[in-house]
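Good morning, and thank you for coming. Please look at the sequence and the structure as I put them on the screen.

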Amino acid sequence: MIRILLAEDQAVIRGALTALLGLEPDLEVVASVESGAAAVASAAVELPDVAVLDIDMPGELDGLEAAARISARVPSCRTLMLTGHGKPAHLKRALAAQVGGFLLKTAPPEELVGAIRDVAAGKRVLDPSLAVTAWDLADNPLTPREADVLRLVADGLDAPEIAARLHLTAGTVRNYLTAIVAKLNARNRTDAVRLATEAGWI
């Protein structure tokens, strides 16, 4: 019997997954929680074989951080990440964290069940639609300060407001924005925000 910890913040999806996995004769959901922190706490108590974790969960711990902590506290527990979108930055973090698998929520139920069995057996699983992305992951070209500036642009602030927030001059902020647009090969600031958001850099 493969003991499973399931962490998903949306109750309807969590319930559906619990019911789906409960139909399999060799799978048992021993804990079903709604946050990364609860997943880490439950893993320490239940000692599951596989933790199936949603990446985007509320609170201080997202699924990837929870996976790292579970791995440290319960080394025998393997992790399978679920996500609604395969952001390159998420995939890169998952691969770096040595998670057992990375699957899109749009995968057919039989793929999820198969992935859990494979991960439990020590294999690594990658959603087929993300294989090309895994080979072509670009490093984040933005410095931490450039990322801060672009996040504030995404929040709708203009250069003077950003300057005040970050204790910079407006001219320095404009220089950052020029560099960001050039680095991302973007058409303008709005395009830079779109590109950085899609890549998971901001």
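Predicted model: local features only at pLDDT ≥ 70, side-chain atom pairs only at ≥ 80, totals over all residues.

Residues are numbered from 1 along each chain as its sequence is written, and side-chain values use heavy atoms, with hydrogens and water left out.

Asp 54 lies in strand β3, residues 50–54. Helices (H or I, at least four residues) and strands (E, at least two) are DSSP runs, numbered from the N terminus. Is Asp 54 buried or exposed? Its relative accessibility is 3%, so Asp 54 counts as buried. Here buried means under 20% relative accessible area, exposed over 50%, and partly exposed in between, with a 1.4 Å probe and protein chains only. Leaving aside neighbours within four places in sequence, Asp 54 is in contact with Ala 7, Glu 8, Asp 9, Gly 63, Leu 82, Thr 83 and Lys 105, where contact means heavy atoms within 4.5 Å.

We now turn to the cores. A nonpolar core is a set of buried Ala, Val, Leu, Ile, Met, Phe, Trp, Tyr and Cys residues joined through side-chain atoms within 4.5 Å. The largest nonpolar core has 25 residues, and those with the most contacts inside it include Leu 5, Leu 53 and Phe 102. Helix α3 gives the most to this core, with 4 residues.

Finally, the helices. Glu 146 is found in helix α7, residues 144–154, and is buried, with a relative accessible area of 5%. Helix α8 (residues 159–166) and helix α9 (residues 170–183) pack at an angle of about 105°, with their axes 8 Å apart. Axes are lines fitted to C-alpha atoms, for helices over the stretch in contact, and angles run from 0 to 180 degrees between N-to-C directions. That makes α8 roughly perpendicular to α9, a term covering 65 to 115 degrees.

Methods: Parallel < 35°, antiparallel > 145°, perpendicular 65-115°, else oblique.
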